[in-house]
Amino acid sequence: MTVARDLERLALDAVSAAEAAAVAASALIGYGRKEDADQAAVDALRTGLNAMAMKGRIVIGEGERDEAPMLYIGEEVGTGEGPEIDIALDPLEGTSLTAKGMPNALAVVSFAARGGLLHAPDTYMDKIAVGPGLPKGVVDLDRSPSENVMAIAKAKGVSPDEISVCVLERERHEKIVADIRSTGARVMMIPDGDVAGVISTTDPDAGIDMYVGQGGAPEGVLAATALRCVGGQMQARLFFRNDDERARAAKTGITDLDRKYDLMELASSDCLFVATGVTMHGSLLDGVSKSGGHVSTETLIMQSSGSIVRRIRTTRPLG
């Protein structure tokens, strides 16, 4: 059986696992308890993954074994029967968003064949991404943000003031924001959730032409799996603040600390990407809603084989 068929067969069970994580986390929306919300999502997602017919291995997870008792890097999940699958996940991408009751928190999980995902350390990563339909190499991480804006505008045949760029709202990005705005382009700031930020470049309705900035390396791999599914482009480079982070990279087998990764190096095999909305009124997905004794969810599924994108709305009885 091919990798694509393996992932297709796992898709509905993956949706169920992500939905369960989202619903569990949603019970903590607005209570200011981000750790509890994250743990609820972890517990539910782990239960769902362990019910799946696969030999799963976590390669992007909640941390190393001594830091995370569940869904840690290297943990084996699934029934132990079926295809060998590597898994990248963030049970609650947007813990602070959930704690504050803000939009765009997601439960996210990606699947690939064994060895198909970069084993990124828990460090920062510089990233640039665009959606499908643009010439290959239209953006480059080593160019300035303004140069990339101009290149996208030229490729689209529009003026720079018609380009919108998504940037994570952080002090470290002030120069990036200023450089983008110097071209006349718009900057759309997000408080958290850079997986959703990268994925927004793939959604025509979102109106985002490029994502750029520094965020978590594990989230970079998750986002790359989504882009691989729809034909977007991405480049990334690990960023280390100290020797401890360099040691983490070495532990995962990374020897070239300055390497610029492209999309196919971040996600080198067929992928399945699944995300379920947690908090309401998200720009990418609706969050969990409860009414009349039922709970409803919206889930985005992307498959690299065939570049298939699906949205599933599920309603089931509470309890």
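## The chain as a whole

The structure here is a predicted model, so please read the values below as computed from it. The protein chain's secondary structure amounts to nine helices and 14 strands. Its C-alpha trace spans about 50 × 50 × 40 Å along the principal axes.

How does the radius of gyration of the protein chain compare with that of a compact globule? For 319 residues, such a globule would have a value near 20 Å, and the protein chain has 19 Å, so the two agree. Of the 319 residues, 53% are buried.

## How H1 and H2 pack

Two packed helices can be described by the angle between their axes and the distance between those axes. Helix H1 covers residues 3-26 and helix H2 covers residues 34-50. They pack at an angle of about 155 degrees, with 7 Å between their axes. Because angles over 145 degrees count as roughly antiparallel, H1 is roughly antiparallel to H2. The crossing of the two helices is right-handed.

## Residues at the contact

Which residues of H1 and H2 meet? On the H1 side you will find Ala17, Ala18, Ala20, Ala21, Ala24 and Ala25. Their partners in H2 are Ala37, Ala40, Ala41, Ala44, Leu45, Gly48 and Leu49. Sorted by class, this contact of H1 with H2 holds 12 nonpolar residues, one polar residue and no charged ones.

How values were computed: Residues numbered from 1 in each chain as written. Predicted model: local features only at pLDDT ≥ 70, side-chain atom pairs only at ≥ 80, totals over all residues. Heavy atoms only, no water. Axes fitted to C-alpha atoms, helices over the stretch in contact; angles between N-to-C directions. Helix = DSSP H or I, 4+ residues; strand = E, 2+ residues; numbered from the N terminus. Parallel < 35°, antiparallel > 145°, perpendicular 65-115°, else oblique. Left-handed = near helix turned anticlockwise from the far one by under 90°. Contact = heavy atoms within 4.5 Å. Nonpolar A, V, L, I, M, F, W, Y, C, P; charged D, E, K, R; others polar. Rg over C-alpha atoms; globule rule 2.2 N^0.38 Å. Buried < 20%, exposed > 50% of the residue type's maximum accessible area, 1.4 Å probe, protein only.
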